[in-house]
Amino acid sequence: MTRGVAYLAFILTLAILTASLMAAGAAKSVDVSEKQQLVKALGITDLSLFSEARYTRHPSQADLFAPFQDFPGALEHFPTGSMIPPNPIGFSSRIRIQQLPGN
Amino acid sequence: MVRQLKTLEYTLSSLMRRKSKNLSLVVVYAFTIATLGSVLFLTHALKVEATSSLTEAPALTIQKISAGRHELIPTDHVATIEKLPGVKSVTPRVWGYYYDSLIKANLTLSGISSYREKLELLNGRLPLGPGECAIGKGVAQAFGPAIGDNLVLEDSGKETTTFKITGVFQAESNLLTNDLVVLQEATLRDFFSMDQSLATDLIVEIHNQREIKVLAKKIKYLLPDTRPITRDEIIHTYDSLFNWRSGMMLAVAIAALIAFCILAWDKATGISATEKQEIGILKAIGWETADVLSVKFWEGLVISLTSFILGTLAAWVHVFIFDAPGLIPLLKGWSVLFPKFQLTPAVDFYQLFVLAFLTIVPYLGCTIIPAWKTAVTDPEHVMRG
């Protein structure tokens with residue numbers, strides 16, 4: 001039964017190692033107050049991750065309903081543009097249809 | 001217990017007989033899990049990073065919309081919004097972009113008016129005069145300047161303007177300030193030739209945070225050509241952007257899942273002649289079907305559990321120790337100034353459990369079902385092939 005016990009010991013060690021790495025990472029208290037101070041001072045609204053186009057640099061501020069910013073439904077030009085879901089915020093306009101009598 | 005341990009012993013011996021095949025299976029299986037795990041870890045860590053930092057983002061950002069697009073907003077609107085009960089302050093903001101055609105990098109130019117406190121994540125200080133600026137680490141690395149050097153930019157009239165660098169943001173703030181050039185608001189207004197009566201947008205601070213949505217509705221009602229963006233909506237944008245079920249990350253996850261399905265399908269469509277013969281022999285020497293299934297269960301569990309743990313460990317090391325070199329190109333796209341960042345390890349155990357369930361259970365099923373079909377067949381028939 002040596003092989004079985006050895007395997008169980010190996011898998012258990014591996015599981016404990018993985019779990020402790022994750023637990024150590026989760027327990028690591030990160031002070032975000034410095035970043036929050038920066039955000040407050042500079043009025044930052046977005047992460048500076050994708051600087052290839054204005055609507056990818058500031059996805060929360062962009063009019064995302066117009067990909068490629070040329071016309072609605074245009075093919076996406078920038079690779080990261082395809083990562084950002086078209087979820088424009090702050091818009092409340094609706095299309096309404098009035099059906100006329102007799103039509 | 002002893003019986004199960006002996007079954008495990010037999011299973012391991014059986015797996016060792018086909019050492020190279022099973023080892024390559026574990027490698028491919030672990031690689032698939034590592035890919036899926038990396039996507040989960042990276043997107044979750046970025047989401048945590050964004051949502052924790054952006055809790056101090058402006059309560060309301062008011063943009064003007066003209067012909068369905070963002071336009072410069074008249075500063076007259078400040079007075080209209082300030083009159084609303086509950087509004088603490090309204091600040092016109094000036095910011096924009098600057099494209100450098102040499103290295104093809106986009107910079108974000110941002111104006112500040114009267115912030116005097118020391119920023120913890122800034123080496124040096126914020127600009128105090130018209131000819132000064134503070135820059136992000138990415139800008140400093142791309143162009144090579146240091147504090148005290150000059151940054152020369154061409155304004156909208158193609159005139160060169162020189163700014164003395166008074167501060168460089170620290171690497172810890174890269175995710176927020178990498179491509180940033182901070183100038184005095186009046187300086188930036190001159191640089192962009194922006195009229196005094198206009199601003200890029202307005203920032204509204206509110207006394208009671210529970211009134212943000214109500215005030216956004218009121219502003220939209222009073223100024224129908226505006227688009228109010230609440231802090232919650234900003235956070236929600238990043239929540240949905242780094243949702244592992246959306247965008248390109250989903251494409252990576254789907255590719256890895258398809259690879260896993262091919263692996264499982266190969267297993268499910270039948271077992272090899274040698275394995276069939278082995279089951280036939282076991283049955284012929286008196287093993288029960290339950291014993292054969294128990295061996296196959298352990299076989300599936302040994303392979304899938306080992307691969308899952310190895311894959312998860314590899315994903316954690318890939319994302320949090322090596323900073324996800326395999327996935328960063330997907331995020332980077334064509335960005336020239338892409339921040340170098342060290343993510344804080346954050347793991348969503350629910351997602352990890354789902355990943356374990358979606359990979360271990362189907363594999364176990366794919367191992368046991370064909371073995372059961374063989375085990376219930378007449379041993380003589382199985383051994384004769």
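A polar contact here is a pair of N or O atoms within 3.5 Å; inside protein, one of the two has to be able to donate a hydrogen and the other to accept it. Keep that in mind as we look at where the two chains meet. By that rule, the interface of chain B and chain A holds 25 residue pairs in polar contact, with both partners at pLDDT 80 or more. The pLDDT cut-off is there because this is a predicted model.

Polar pairs are one part of the picture. On the side of chain B that touches chain A, the classes come out as 50 nonpolar, 24 polar and 16 charged residues. Between the two chains the count of salt bridges is three. One you can find in the viewer is B:Asp179 with A:Arg57, where the closest N and O atoms sit 2.6 Å apart.

How much surface do the chains share? The size of an interface is often given as the accessible area lost when the parts come together. For chain B and chain A, that buried area is about 6,800 Å², and carbon and sulfur atoms supply 66% of it. The residues of chain B that lose the most area to chain A are B:Leu176, B:Arg227 and B:Trp334, which together make up 10% of what that side buries. Counted by residues, 90 from chain B are in contact with 64 from chain A.

Now chain A by itself. Its secondary structure amounts to three helices and zero strands, so in sequence order you read α-α-α. Chain A has 103 residues, and 44% of them count as buried. Take the contacts in chain A between residues at least 6 apart in sequence: 31% of those join residues at least 24 apart.

Most residues other than glycine have a negative phi. Against that background, B:Ser193 is worth a look, with a positive phi near 50° in a residue that isn't glycine. B:Ser193 is in the loop between α6 (185-191) and β12 (198-199) of chain B, and its relative accessible area of 56% makes it exposed. B:Asp323, again not a glycine, has a positive phi of about 60°. You'll find B:Asp323 in the loop between α11 (289-321) and α12 (328-332) of chain B; at 28% relative accessible area, B:Asp323 is partly exposed.

Next, some residues inside chain B. B:Thr200 lies in the loop between β12 and β13 (201-206). Is B:Thr200 buried or exposed? With a relative accessible area of 5%, B:Thr200 is buried, since the cut-off for that is under 20%. The side chain of B:Thr200 reaches the backbone nitrogen of B:Trp95 at 2.9 Å. Leaving out residues up to four places away in sequence, B:Thr200 also touches others, including B:His70, B:Glu71, B:Leu72, B:Arg93 and B:Met194.

B:Ser307 is another one to click on. B:Ser307 lies in helix α11 of chain B and counts as buried at 0% relative accessibility. Setting aside residues up to four places away in sequence, B:Ser307 touches B:Val26, B:Tyr29, B:Ala30 and B:Ile33.

B:Tyr29 comes up again with B:Leu263. B:Leu263 is found in helix α9 (residues 247-268), is buried at 15% relative accessibility, and touches B:Leu25, B:Val28 and B:Tyr29, again not counting residues up to four places away in sequence. B:Leu263 and B:Ser294 are 31 residues apart along the chain, and their C-alpha atoms are separated by 22 Å.

B:Val354 is found in helix α13 (residues 349-375), and at 24% relative accessibility B:Val354 counts as partly exposed. B:Leu72 is one of the residues touched by B:Thr200.

Methods
Residues numbered from 1 in each chain as written. Chains lettered and ligands numbered in written order. Predicted model: local features only at pLDDT ≥ 70, side-chain atom pairs only at ≥ 80, totals over all residues. Heavy atoms only, no water. Contact = heavy atoms within 4.5 Å. Buried area = accessible area lost by both parts, 1.4 Å probe. Salt bridge = Lys/Arg side-chain N within 4 Å of Asp/Glu carboxyl O. Nonpolar A, V, L, I, M, F, W, Y, C, P; charged D, E, K, R; others polar. Helix = DSSP H or I, 4+ residues; strand = E, 2+ residues; numbered from the N terminus. Buried < 20%, exposed > 50% of the residue type's maximum accessible area, 1.4 Å probe, protein only.
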